[in-house]
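Here's a quick walk through how the labels on a model like this get assigned. Each answer puts a value next to its cut-off and draws the conclusion.

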Amino acid sequence: MDEKQSLTVSDAVDYKGFPANRSKTGGWVPAALIVGIELCERLSTMGIAVNLVTYLVGTLHLPSATSANIVTDFMGTCFLLCLLGGFLADSFLGRYKTIAIFASIQTLGTGTLAVITKLPQLHPPPCDPSASQNCKQANGFQMGMIYLPLYLIALGTGGLKSSVSGFGTDQFDEKNDKEKAQMAYFFNRFFLFVSSGTLLAVTVLVYLQDEVGRSWAYGICSVSMFTAVMIFLCGTKRYRYKKSMGSPIVHIFQVIVAAINKRKMELPHNDAMLYEDPAATSTVDHTNQFQLLDKAAIVAEGDFEKSVSSAHNPWKLCSVTRVEEVKMMTRLLPIWATTIIFWTTYAQMITFSVVQASTMERSLGAFQIPAGSLTVFFVAAILITLTFYDRLVMPLWKKWKGQPGFTNLQKIAIGLILSTLGMAAAALVEMKRLSVAKAVGRSTATLPLSVFLLIPQFFLVGSAEAFIYTGQLDFFITQSPKGMKSLSTGLFLTTLSLGFFLSSFLVAVVKRVTGSKDGQGWLADNINYARLDCFYGLLATLSAINFVAFLICAIWYKPQKPKQVLAMETTTNEGSAAEKC
């Protein structure tokens, strides 16, 4: 029996619903197929986002601040919809079906965008940028036709991203020492692979958009996504599937409702008197934090259904494990809140920093570097940082500390420091750029200043993302309850969403507070007349304050791990295809 147990993965099934065979399912090959679809998603989303602002300004003739907000709202919606994707994956569809469905939606969105950007009647008439006051902006119908594919892509991205990383980690068994060690490397290699997609987006795709045509570039995005979906489906027989444990949102509300209804009851002096599900194969130890929630586990008259022997009403009585799972999610929230500001600084790299680049000298011999391609230094910083960390830091840290690299909270802290320095560097470079603009004339289209001065801000924020993204991904997946991992991943990705929306909010507030009737202020329509350095300085200050708040939250945070209460898990019901994720 023990030998049979070792050949199968106890909490996973294969595509037929039978216990997953360890030798025939899971591991690096299916994980690579899953990561491949995320690579193509990043290729499409970032290939659109990093150069969208130049399309909105140059083709649709929108003001730079308005264009920046459209981009950040688009990206924010992408990541906000990850909560929807996580909910559907954990509650109804499972991660496999969620990825397949929403990747197909994104394929449709990019294909639609390729068609729309090709049709001249969906753009305003072209005009000379030097005569910008006579340029006709896109009308409501034309803007609506752009928003349609953008938000189809956002819907696809949201559903896809919430499940990809979780489904990838499902291919490794945490209870097996060898596979657990492989999973420690998965998060870094996942992001390294994904960043390769971003690299292709900001180099090849941006060049194709500027030199060949946007419709061709977006068409390539659509074809690549379609190909990735086909390859993903080919791995169906090799994947491991985790069984759905019910709706995590419903479980959370059950604990909250039961706790509120019993708020006037006294907690027992002995924790053992709180209700625990006797059929549970794993439990979570009781903790003393958030004791109001503990009242959901107090056994009271009427908590058990009269018609069914020993069955309890989950809206009246919840197990200690269920309560502790809600506590685990609650403990994530302070760390969640203090990582939002980073993504606000990140948003500047694909909006205002691209506008900055468009005003600077970008010639490299006879080759003109597209403004959107400056983010290649951002992606290069990510790749260099991850490679350095994977090949040098992790082995050395394991020899010195006995751990495979920094903890997830240490990674986030390093990222927050680097992003603060990045915004400070951006403010200093912008001060230099404005001084040159003042000297040669603010109406000069291309300033005699090398665009490579922007490299420090791209590199610092890029290195910061390498640490923060992998740290957040690791933290939210490993510190969440087993049945809430997709929801937890969606929660992590909402930090990106709220960071982009916060950027839009700050832009609107700063433009309103510092702006004037003639279009001047910190964020003037022509950035040569603006004070973008002050805006970057504001972000650097907010980032420094946020870092102090993060340190307080990280010190307060105490992880909680489940424990096994049975020596062996039965696999009687695992063979049921109805229980398959």
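Buried means under 20% relative accessible area, exposed over 50%, and partly exposed in between (1.4 Å probe, protein chains only). One caution first: this is a predicted model, where local features need pLDDT of at least 70, side-chain atom pairs count only at pLDDT 80 or more, and totals for chains, interfaces and linings use all residues. Residues are numbered from 1 along each chain as its sequence is written, and side-chain values use heavy atoms, with hydrogens and water left out.

Q: Why is F253 called partly exposed?
A: F253 has 46% relative accessibility. That sits between the 20% and 50% cut-offs, so partly exposed is the label.

Q: What makes I260 partly exposed?
A: Its relative accessible area is 44%, so I260 lands in the in-between class too. I260 is in helix α8, and F253 is found in that helix, which covers residues 248-261. (Helices are DSSP runs of H or I with at least four residues, strands are E runs of at least two, and both are numbered from the N terminus.)

Q: Which residues make the nonpolar surface patch of about 430 Å²?
A: V250, F253, I256, I260 and W315. Patch residues need over 30% relative accessible area and no salt bridge; nonpolar side chains (Val, Leu, Ile, Met, Phe, Trp, Tyr) are joined within 5 Å, like charges within 9 Å. Areas come from the Shrake-Rupley method with a 1.4 Å probe, and for residues only the protein chains shown count as cover. F253 and W315 are 62 residues apart along the chain, with C-alpha atoms separated by 8.3 Å.

Q: Are K161 and E41 buried or exposed?
A: K161 has a relative accessible area of 4%, so it's buried. E41 has 1%, so E41 is buried as well.

Q: How do you know that D170 and K242 form a salt bridge?
A: Their closest N and O atoms are 3.8 Å apart, and the limit is 4 Å. D170 lies in the loop between α5 and α6 (177-211) and K242 in strand β3 (residues 241-242), so the pair ties together parts 72 residues apart in sequence.

Q: What about D294 and K327?
A: At 2.8 Å between the closest N and O atoms, they form a salt bridge. D294 lies in helix α9 (residues 291-294) and K327 in helix α10 (residues 320-337), so the pair ties together parts 33 residues apart in sequence. D294, E324, K327 and R331 are linked in a network of salt bridges.

Q: How many aromatic pairs does the structure hold?
A: There are 30.

Q: Why is the aromatic pair of F475 and Y557 called edge-to-face?
A: Phe, Tyr and Trp rings (six-membered for Trp) pair if their centres lie within 6.5 Å; planes under 30 degrees apart count as stacked, over 60 as edge-to-face, the rest as tilted. These two are 5.2 Å centre to centre with 65° between the planes, so edge-to-face it is. Both F475 and Y557 are buried.

Key
Salt bridge = Lys/Arg side-chain N within 4 Å of Asp/Glu carboxyl O.
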